[in-house]
Amino acid sequence: MTGADLTGVPETALWTLRNRAVEAARPDAYIDDPHAVRLFEQLAGDDLDRFGKPSQTHPLRALAFDREIRDYLDLHPGAPVVALGEGLQTSYWRLDRPDVRWFSIDLPEMVAVQDRLLPAEPNITRIGVSALDRSWLEEVPTGPAIISAEGLFMYLPREDVHALIADMAARFPSGRLIYDSIPGWFSRMTLRGKVRLTERYVAPPMPHSQTVDQGAELPNRIPGVVAAREVQLPPGRGLWGSSPVSAVLRRVADLPVIRNRRPSITALDFAEA
């Protein structure tokens, strides 16, 4: 398998994998992700440098999702995890909860790559359909569930995302959804093909944007959603770390004039049955 097997949106799985693996391989790494490192080494002959300079964004995002999933499972033991558009994420192994029922929903070509590159686990069910294909809903037991959509919704139309959230809220009472969003200015740049990481890679179009304030309004806009909050990134390294300068930068990033112009992560709680 090489990166040539994946194009368009599925190719971004290699982008995020590379960034997690580079961080996890550091002697001072803040993320423990041996499966990402193994995959990265396995694909070493591929041109993963086409994604440009490694960024802390993806490993920090992965840790934020891990924390939310872990916290939800602590409150709802036995609840399943649904990973929409999972790609080559390795969250199941990082969480180290082998008994959790894990449902990975992704396009058929990506599921084929998962089957070839990721370990088979008795509690992981891989379903090869689009997240917008509601057939996967019938495969997951109804009731409380934690659903992640890491690096997915920005590639889908807004109306389709909101309709899917409403259907998930109806299927999974007391459930929770975690997803990340990009700001409108960045979405417009991708639609014009202006997000060029290197001469060899241009990020695919991302039509769906959401600001922090727009996320906070979703309980008033989507049936079945009762609460919304922004999920903060954990500390990383350098300006992403926990130094006094980093703390000031985080406060600045929360100012109204700035918070709606940066990426964000949102957690939505669904109504009880």
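User: Why is D269 called partly exposed?
Analyst: This is a predicted model, by the way. D269 has a relative accessibility of 21%, and partly exposed is what lies between under 20% (buried) and over 50% (exposed), so D269 counts as partly exposed.

User: And what makes R176 buried?
Analyst: The relative accessible area of R176 is 12%. Buried means under 20%, so R176 is buried.

User: How do you know that R176 and D269 form a salt bridge?
Analyst: Their side chains meet at 2.6 Å, N to O, and the cut-off is within 4 Å, so the pair qualifies as a salt bridge. The pair links distant parts of the chain, with R176 in strand β5 and D269 in strand β9, 93 residues apart.

User: What makes R237 and D28 a salt bridge?
Analyst: The closest N and O atoms are 3.4 Å apart; with a limit of 4 Å, that counts. R237 sits in the loop between β8 and α9, D28 in the loop between α1 and α2, and 209 residues separate them.

User: Why are R237 and D28 both called partly exposed?
Analyst: R237 comes in at 21% and D28 at 41%.

User: Why is R192 called exposed?
Analyst: Exposed means over 50%, and R192 has 55%, so R192 is exposed.

Terms used
Residues are numbered from 1 along each chain as its sequence is written. This is a predicted model: local features need pLDDT of at least 70, side-chain atom pairs count only at pLDDT 80 or more; totals for chains, interfaces and linings use all residues. Side-chain values use heavy atoms; hydrogens and water are left out. Buried means under 20% relative accessible area, exposed over 50%, partly exposed in between (1.4 Å probe, protein chains only). Helices (H or I, at least four residues) and strands (E, at least two) are DSSP runs, numbered from the N terminus.
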